[in-house]
Amino acid sequence: MAGTGFLLRKLARQDNLLGVVSAFLYSAVIAVGPWILLVAALGAISFYTTMQIDLEEIDSFLSIVIYNLFFSFVFSAPLYVISARYTSDCLYKRDVTEIPGILITNLALLLIPGLLLASCFYIFYATLSQLATALSIIQFLLFSAIWYVSLFLSSLHNFRAITFCWVLGMVITSTASIYCGYLYQAEGLLLGTNIGLTFLLFSQIATILAEYPHPFSFPKKMRFYFYKYQKLFWSGLFLYGGMWVDKVIMWHSKEAVHHLSNLTTYPTYDQAMFLSYLSITFILALFIFSLETNFYVSYIEYIQRIERDAPLFQIEEKKRDIIAEIQENGRAALVLQGALSLALILLAPTIFNWLGINFLGLNMFCLGTLGSFFAALNLMLYVYFSYFDSQENMLLLALLLFLSNAGLTLLFQHLGFAYYGYGYALSMIFTFFVSACLMGRFLDSLTYSIFIDNVVKRQKI
């Protein structure tokens with residue numbers, strides 16, 4: 001997106017160590033900053049309320065947060081990717097007058113069915129008080145809106161304002177949750193969390209509207225984008241669902257914990273997997289940095305030569321540059337992140353001992369770290385396919401990830417505790433090797449796919 005890419009390219013062009021390091025740190029913040037801040041806020045809430053609030057009340061609160069995180073990620077993903085495409089096209093055409101309309105209209109499209117979905121779940125499935133039910137529904141809507149709104153933040157130039165919103169939002173979330181939790185137990189924890197999330201959401205929206213101070217107008221092409229990018233819509237659903245489906249399956253294992261809210265989780269597995277996700281901070285930061293600097297420049301030059309009807313040899317020259325960038329990024333990810341993941345796996349006992357984590361999750365963490373490494377590679381391939389508008393390959397990758405993760409996790413779940421985590425790791429590895437083959441075949445006919453195939457699609461539409 002324009003804002004993120006502009007900032008990173010500006011820093012990279014300084015051509016000194018400080019500029020490169022600054023760009024990489026910005027990439028890390030963009031990649032996993034919100035996730036780390038959210039985990040830190042929840043950790044602070046758990047730590048400071050343990051002595052004052054009943055543990056079952058805290059567990060019930062955390063189970064609601066985990067469910068809301070999962071469902072909000074998956075639920076908002078399809079609309080997120082469609083809006084990302086629409087917004088990116090507006091930025092490319094340098095016409096941002098529609099962005100406020102895209103933001104507000106799609107927020108309504110997201111929250112109205114989200115209200116129905118969350119209400120059905122928490123009213124008819126969960127066993128909560130009326131107040132806790134209402135607060136849980138609101139929290140789901142807030143999470144869904146925050147993930148969706150974060151799309152537009154990547155197009156902004158005011159990076160400090162974005163960081164300030166997230167940091168202050170998480171500080172308010174943890175502080176308000178701890179204070180209200182002392183007064184009203186689990187319901188207070190939910191109330192305090194919602195206060196912080198509400199501040200975060202509206203501060204983000206205010207920042208976006210300040211960047212794009214245009215009057216609201218209904219996005220006239222929204223229906224066209226839903227029609228043209230149907231496969232993109234479903235790929236977003238299955239991609240995010242595929243990243244989480246193993247957790248849902250493991251919530252129904254024999255070792256799962258049944259909470260007062262009637263929700264079930266498997267804290268040992270969840271903790272190990274969430275911790276393993278942090279291991280890919282480096283590869284995600286490196287990917288965003290390389291994507292928005294070197295690859296983006298080669299990609300734009302390649303597309304512009306096609307649009308200007310340049311001679312074939314000039315187009316093919318830029319195609320080779322793009323392939324070289326993808327190969328270089330892949331090698332860097334395999335070598336650097338591979339070495340880091342291996343080191344974390346070897347040091348896992350020391351890490352668990354230092355953090356005071358139950359060693360029952362040690363094997364799950366090691367398998368999760370291996371699986372997360374390949375999950376990051378799958379995400380990289382998905383993003384590359386999205387740049388080239390290869391919806392078929394995006395959907396195929398997402399379906400493969402979802403079905404393999406669900407199927408293999410179910411298989412190894414039935415084999416017993418010793419095999420927990422193998423399903424996730426093997427599914428990510430399998431998806432990567434198949435998707436890498438798809439990428440290689442796609443790149444061989446890249447110019448045809450971009451030029452000829454897109455012309456045919458436009459004629460059909």
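How do the residues of the lining of the largest cavity divide into nonpolar, polar and charged? Point 2 has the answer, and here is a friendly walk through the rest.

1. Before we start: this is a predicted model, in which local features need pLDDT of at least 70 and side-chain atom pairs count only at pLDDT 80 or more, while totals for chains, interfaces and linings use all residues. Residues are numbered from 1 along each chain as its sequence is written, and side-chain values use heavy atoms, with hydrogens and water left out.

2. (On a 1 Å grid over the protein atoms alone, a cavity is a set of points where a 1.4 Å probe fits but cannot get out; lining residues have an atom within 4 Å of a point. Points are joined across faces, edges and corners, and a volume is the space filled by probe spheres set on them.) H14 and helix H15 (422–444) are the elements that give two or more residues to its lining; a helix here is a DSSP run (H or I) of at least four residues, numbered from the N terminus. The lining includes Met250, Tyr269, Thr409 and Phe412. The lining divides into seven nonpolar, four polar and no charged residues. (Ala, Val, Leu, Ile, Met, Phe, Trp, Tyr, Cys and Pro count as nonpolar, Asp, Glu, Lys and Arg as charged, and the others, Gly among them, as polar.)

3. Next, an open space. The second largest pocket has a volume of about 1200 Å³. (A pocket is an open set of points with protein on both sides within 12 Å along at least five of seven lines.) Of its 35 lining residues, Val39, Gly43, Ser46, Leu62 and Gln271 are the closest to its centre. H2 gives the most to this lining, with nine residues. By type, the lining of this pocket has 22 nonpolar, eleven polar and two charged residues.

4. Now look at Leu400, which sits in helix H14 (residues 391–415). Leaving aside residues up to four places away in sequence, Leu400 touches Phe430, Thr431 and Val434 (contact means heavy atoms within 4.5 Å). Leu400 and Ser435 are 35 residues apart in sequence, yet 8.8 Å apart in space, C-alpha to C-alpha.

5. Finally, charges. The structure holds eight salt bridges (a side-chain nitrogen of Lys or Arg within 4 Å of a carboxyl oxygen of Asp or Glu). One of them joins Asp89 and Arg85, with the closest N and O atoms 3.5 Å apart. Because Asp89 and Arg85 are four residues apart in helix H3, about one helical turn separates them. Side chains of opposite charge can pair when their charged atoms come close.
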